[in-house]
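Here is a quick tour for anyone meeting this structure for the first time. Have a look at the picture, then read on.

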Amino acid sequence: MSKLVELDATSLAVLSKHKHYYDLFNKTGELVNFTHEVQNELLAVYQKVAPGYTYNRGCGACVGAFLFLVYNTFKDQLAL
């Protein structure tokens, strides 16, 4: 269940720029070069919906769940 949240152009650009990580993970279950910098950018976008949200970066399953959460939350705006 995703609620529609209006994002600014910068946030949409961040999501579009990093969508290939979501696509790869969705197809193969692998995260390659999903750096902390990329995670920080996506987290900043997601925190516009859920201020204070965080996740365990040392847990691979948690990182994958975070990636799915971000793109499922904004799928309506990204036309996924």
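What follows covers the basis of the model, its core, its helix contacts and a few loop residues.

## Ground rules

This is a predicted model, so to speak of local features a pLDDT of at least 70 is needed, side-chain atom pairs count only at pLDDT 80 or more, and totals for chains, interfaces and linings use all residues. Residues are numbered from 1 along each chain as its sequence is written, and side-chain values use heavy atoms, with hydrogens and water left out.

## The nonpolar core

Let's start inside. The largest nonpolar core has 21 residues, and L15, L42, L67, V70, Y71 and F74 have the most contacts within it. Four helices each supply at least two residues of this core: helix 1 (9–17), helix 2 (19–28), helix 3 (36–46) and helix 4 (60–73). A nonpolar core here is a set of buried Ala, Val, Leu, Ile, Met, Phe, Trp, Tyr and Cys residues joined through side-chain atoms within 4.5 Å. Buried means under 20% relative accessible area, exposed means over 50%, and partly exposed is in between (1.4 Å probe, protein chains only). The helices are DSSP runs (H or I, at least four residues), numbered from the N terminus. As a general point, nonpolar side chains tend to be buried together in soluble globular proteins.

Setting aside residues up to four places away in sequence, L15 touches L7, L42, V45, V70, Y71, F74 and L78; touching, or contact, means heavy atoms within 4.5 Å. V70 has its own set of partners: leaving out neighbours within four places in sequence, V70 is in contact with L15, L42 and Y46.

## Helix 3 against helix 4

Helix 3 and helix 4 pack at an angle of about 45°, their axes 10 Å apart. Axes are lines fitted to C-alpha atoms, for helices over the stretch in contact, and angles run from 0 to 180 degrees between N-to-C directions. The two are therefore oblique to each other: angles under 35 degrees count as roughly parallel, over 145 as roughly antiparallel, 65 to 115 as roughly perpendicular and the rest as oblique.

Which residues make the contact? On helix 3 they are Q39, L42, L43 and Y46, and on helix 4 they are V63, F66, L67, L69, V70, Y71 and T73. By class, that gives nine nonpolar, two polar and no charged residues. For these classes, Ala, Val, Leu, Ile, Met, Phe, Trp, Tyr, Cys and Pro count as nonpolar, Asp, Glu, Lys and Arg as charged, and the others, Gly among them, as polar.

S11, V14, L15 and K17 of helix 1 come up against E41, L42 and V45 of helix 3. The tally for this pair is four nonpolar, one polar and two charged residues.

## Stops along the loops

Is H18 buried or exposed? H18 sits in the loop between helix 1 and helix 2, yet it counts as buried because its relative accessibility is 5%. Apart from neighbours within four places in sequence, H18 is in contact with V38, E41, L42 and Y71.

The loop between helix 2 and helix 3 holds E30 and N33. E30 is partly exposed, at 48% relative accessible area, and touches L24 and F25, not counting residues up to four places away in sequence. N33 counts as exposed at 58%, and has a positive phi of about 60° although it is not a glycine. Further along, G58 lies in the loop between helix 3 and helix 4 and is exposed, with a relative accessible area of 76%.
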